Amino acid sequence: MEQLIKDIDLLAGQETTAPEESCGFKVSEESNTGKSRKLYIESYGCQMNFSDSEIVTSIMQKDGFDTTSEVDGADVIFLNTCSIREKAEQTVRNRLVHFNALKKNRPGLMIGILGCMAERLKDKLLEEEKMVDLVVGPDAYRDLPGLIREVDEGTKAVNTFLSREETYADISPVRLNSNGVTAFISIMRGCDNMCSFCVVPFTRGRERSRDPHSIVAEAKALFEQGFREVTLLGQNVDSYKWSPEVNNKAQLEKREVSEVVNFAHLLQMVADVSPELRVRFSTSHPKDITDEVLHTIARNENVCNYIHLPAQSGNSRVLKLMNRTYDRDWYIDRVDAIRRIIGQECGISSDMIAGFCTETEEEHQDTLSLMDYVKYDFSYMFFYSERPGTLAARKYADDIPLDVKKRRLQEIIQKQQQHSLERNKLDIGQIQQVLIEGTSKKSDQQLQGRNSANKVVIFDKKNYQKGQYVQVKITDCTAATLFGEVVE
Ligand code: SAH
Ligand code: SF4
Ligand code: F3S
């Protein structure tokens with residue numbers, strides 16, 4: 001456990017100020033239904049990966065596994081991995097070394113690599129690392145029982161086949177680390193954008209949208225189990241597109257179809273499940289987010305006023321090199337539309353990359369000035385990390401020295417801190433609806449929840465329960481948290 005905590009510190013401290021859930025790792029929890037074997041699963045990377053671990057757990061439970069939160073009791077260890085930056089991969093390599101040391105005393109222990117690193121490195125992981133028994137890419141999880149059998153029989157097993165259709169629509173995820181109030185629903189997989197810095201299109205394959213009826217059914221089932229908030233997940237939710245006959249984009253482009261469900265329609269369908277069910281979504285792409293989506297948010301009380309709209313850079317030349325397919329003016333127009341249609345109080349967050357190939361000081365200043373214009377509520381901030389095989393790695397030199405990247409990143413982080421505080425101060429004195437998620441991390445006499453704009457709000461416990469909506473008057477704040485008291 002000590003090692004795990006060290007890893008969290010490493011992850012939290014350096015490249016980003018992202019909260020634990022979007023760049024740290026999560027461990028499976030205990031389930032004891034009398035199955036004969038135990039699975040321990042550790043997940044890294046984005047929410048989509050955490051969501052995949054819930055699908056994997058469901059498949060494994062059907063195949064005779066219970067889950068455990070302790071490595072000690074495990075027969076099988078899965079690492080569901082991320083390749084987004086070099087450091088993410090290094091963390092996983094360190095964990096592999098750690099788990100292999102355990103294997104010396106427990107020869108039957110099976111170690112599997114899942115997710116994006118499995119997809120990127122494929123059987124190289126078996127050959128070079130010699131530390132894993134199983135390598136399974138994100139579209140091959142249905143094959144896990146068969147692959148486990150192969151390893152049981154003494155061979156190493158690999159499946160990194162990427163699918164154009166797989167959405168795991170019929171698999172009901174086993175909710176891991178759940179607070180019983182908020183849950184994630186994957187609405188699509190893969191990504192068809194080719195941002196030049198990004199490894200995701202290579203590790204997750206082509207974009208495909210999941211049947212909206214299965215999404216609504218999942219949201220309904222969650223609501224009936226007591227959940228009160230769902231977050232719809234995709235790398236670019238605004239390009240969600242589904243039709244009855246054809247459910248993948250490649251085919252859609254070739255055929256004329258009626259009854260296409262776009263993201264705005266899907267959002268409305270999920271919002272209609274119950275006014276008591278909050279709906280969030282992530283990630284919005286600045287090139288694709290439409291006014292129709294913004295009006296759907298504005299129209300529905302239960303669709304949260306919060307948009308994660310990653311800019312990456314505030315300079316049009318850099319954005320072009322990044323192949324983001326929008327420029328600074330386009331981005332600003334989208335932010336203006338959010339403020340106009342939803343309102344000034346709508347939470348907006350971003351991802352920023354410092355020190356992308358050839359970025360000059362002036363261009364870096366443009367990122368800072370874009371931040372001044374938007375005043376993000378918070379951001380995930382990184383310095384550029386070259387990923388093998390990406391467009392940028394092939395076309396541009398990674399020519400910004402590390403100390404310059406880090407200094408620029410610090411400037412971005414500092415500015416964000418100021419803006420987060422400034423934005424939070426605007427909430428003081430307001431009465432906001434908060435959905436209670438559980439006990440505050442700092443005191444068991446206090447509860448924590450989130451307001452519509454996705455900000456954490458802390459207040460005295462009294463007799464309130466998680467899963468309840470309360471009206472909270474905001475009385476104080478830091479850059480990261482709001483404090484308040486419930487008004488009856
Ligand atoms: N689909 C989302 C991003 C998913 S990856 C979008 O388009 O916004 C999450 C974030 O990681 C990205 O937004 C980007 O800021 C960061 N990132 C991706 N590749 C990176 C790289 N090579 N170096 C540094 N940061 C990177
Ligand atoms: Fe990566 Fe761009 Fe796709 Fe986001 S939209 S996952 S940054 S390629
Ligand atoms: Fe990482 Fe793969 Fe997500 S690279 S950020 S886990 S899609």
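**Buried serines, ligand shells and a helix**

Author: Ser379 is buried (under 20% relative accessible area, with a 1.4 Å probe and protein chains only), at a relative accessible area of 3%. This is a predicted model, where local features need pLDDT of at least 70, side-chain atom pairs count only at pLDDT 80 or more, and totals for chains, interfaces and linings use all residues. Residues are numbered from 1 along each chain as its sequence is written, chains are lettered from A and ligands numbered from 1 in the order in which they are written, and side-chain values use heavy atoms, with hydrogens and water left out.

Reader: With which side chain does the side chain of Ser379 make a polar contact?

Author: Ser379 is found in strand 17. Strands (E, at least two residues) and helices (H or I, at least four) are DSSP runs, numbered from the N terminus. A polar contact is a pair of N or O atoms within 3.5 Å; within protein, one must be able to donate a hydrogen and the other to accept it, and residues adjacent in sequence count only if both atoms are side-chain atoms. At 2.9 Å, the partner of Ser379 is the side chain of Gln416.

Reader: And Ser43: what is its relative accessible area?

Author: Ser43 is found in strand 2, residues 37–44. Its side chain makes a polar contact with the side chain of Ser53 at 2.7 Å. Ser43 is buried, and its relative accessible area is 4%.

Reader: How much of the accessible area of ligand 1 does the protein cover?

Author: Polar side-chain atoms of Arg85 and Arg324 each lie 3.1 Å from an oxygen atom of ligand 1. A backbone N or O atom of Phe197 lies 3.0 Å from a nitrogen atom of ligand 1. Of the 540 Å² that ligand 1 has on its own (Shrake-Rupley method, 1.4 Å probe), the protein covers 90%.

Reader: From which domains does the shell around ligand 3 draw at least three residues each?

Author: The residues around ligand 3 (a heavy atom within 4 Å) include Cys46, Asn49, Val200 and Arg204. Domain bounds come from an automatic or database domain assignment. The shell draws at least three residues from each of domain 1 (2–159) and domain 2 (182–425).

Reader: What span should helix 4 have?

Author: Helix 4 covers residues 86–103, 18 residues in all. The expected span is 1.5 Å times one less than the number of residues.

How values were computed:
Buried < 20%, exposed > 50% of the residue type's maximum accessible area, 1.4 Å probe, protein only.
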